[in-house]
Amino acid sequence: MTTTVPQVTATQPGVISEPTFEQLATRVDDAVKALESLDPAARTVAEELKAAVEAIHRAGLVTIVRSLRADDATRPVLFDLVDDPVVHLLLSLHQIVRPDPMTEATRALQEVRPQLQGHGGDVTLVRIDGGIAFVRLTGACNGCSMSSVTLRNLVEKALVDGVAAINGIEVVPNEPEQTVISPESLFSTVHADDGWAHAGAVTDMPVNGLVAPVVTTQPTGQEVSVLLVSRSGQLSCYVNECAHEALPLDNAVFDAENGTLTCPWHGFCYDAGSGECLTAPEAQLEQLPLRVSNGQIWIRVGP
Ligand code: FES
């Protein structure tokens, strides 16, 4: 068995030329093909070696990603790195990040948004399901006029051409579901004795953003980490666990414009107002009842 192994070469004295990504990918492909032609015993040993090396690489990468994500100063560096195609491929191969069509689609829409807004329209990405991007069109994009058809086609082309996971769009009605409770909805009879847990003051909440307080339930004294999400002052509350692997969402990426939360661990994307998972439609954040009384936020945890 022979494979072509690109070597690190010196193009000029003292200058080292690294193999290109394409060369490295070809080397991997050739080695995998060669593996298939080995006799079963040799193949088992080779595959075990490959799995062991990959496990070491994955462990190291997970440590790097966790360290970068844990620090406010280095988190942007991590997000920049994940945007690099080679780094993203590497992290995807090790199942540390997932391809996230919602993020790709959001970027694709950003490209055409100036054109839409220039014609008095706009678009909101609601979810992606079965290769279809469900979008809300507003302003001049919404309706049956020639210009609205043109703008709809613009949105469709941006999404279908820009995101491999999308092969069509469907326009949903402009009637956002009200699954959240306004801070203005004041209740005067909320007490810890009634099973409500205090989660802070409305004035401590960002207008757009999230906080992850630990609340204490009564009468058991049990402590529960919850995720409070504010979108334009509208509050929602969830158990602070991703529906994928129950990891915390403290560092989730909140996109106020599109109303989405993206889990920092493997990229599951959620509707911030309903907790509906847009990446895996069968998954859902556990939403908790929320009330505001005299400017204080109260959460009901448990029965
Ligand atoms: S996507 Fe895996 S824990 Fe959130």
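Trainee: How many aromatic pairs does a search of the whole structure find?
Mentor: This is a predicted model. For two rings to pair, their centres must lie within 6.5 Å. When the whole structure is searched, the number of aromatic pairs found is zero.

Trainee: Which residue lies over the face of W265?
Mentor: A charge sits over a ring if, among other conditions, its atom is within 6 Å of the ring centre. Over the face of W265, at 3.9 Å from the ring centre, lies R69.

Trainee: Which residues of helix α3 are buried, and why are they on the same side of α3?
Mentor: Helix α3 spans residues 75-83, and its buried residues are R75, L78 and V82. They lie on the same side of α3 because the arc they cover around the axis is only 55 degrees. An α-helix has 3.6 residues a turn, so residues three or four places apart point the same way. The buried residues, to name them again, are R75, L78 and V82, and the reason asked for is an arc of only 55 degrees.

Trainee: Against which helices do the buried residues of α3 pack?
Mentor: The residues concerned are R75, L78 and V82. Their packing partners are α2 (40-70) and α4 (85-93).

Trainee: Which residue in β12 is the bridge partner of V253?
Mentor: Strands β11 and β12 (residues 260-262) run antiparallel and are joined by three bridges. In β12, the partner of V253 is T262.

Definitions and conventions: Residues numbered from 1 in each chain as written. Predicted model: local features only at pLDDT ≥ 70, side-chain atom pairs only at ≥ 80, totals over all residues. Heavy atoms only, no water. Pairing = 2+ DSSP bridges. Helix = DSSP H or I, 4+ residues; strand = E, 2+ residues; numbered from the N terminus. Buried < 20%, exposed > 50% of the residue type's maximum accessible area, 1.4 Å probe, protein only. Arc of directions from axis to C-beta. Contact = heavy atoms within 4.5 Å. Phe/Tyr/Trp six-rings, centres within 6.5 Å; stacked < 30°, edge-to-face > 60°. Lys NZ or Arg CZ within 6 Å of the ring centre and 35° of its normal.
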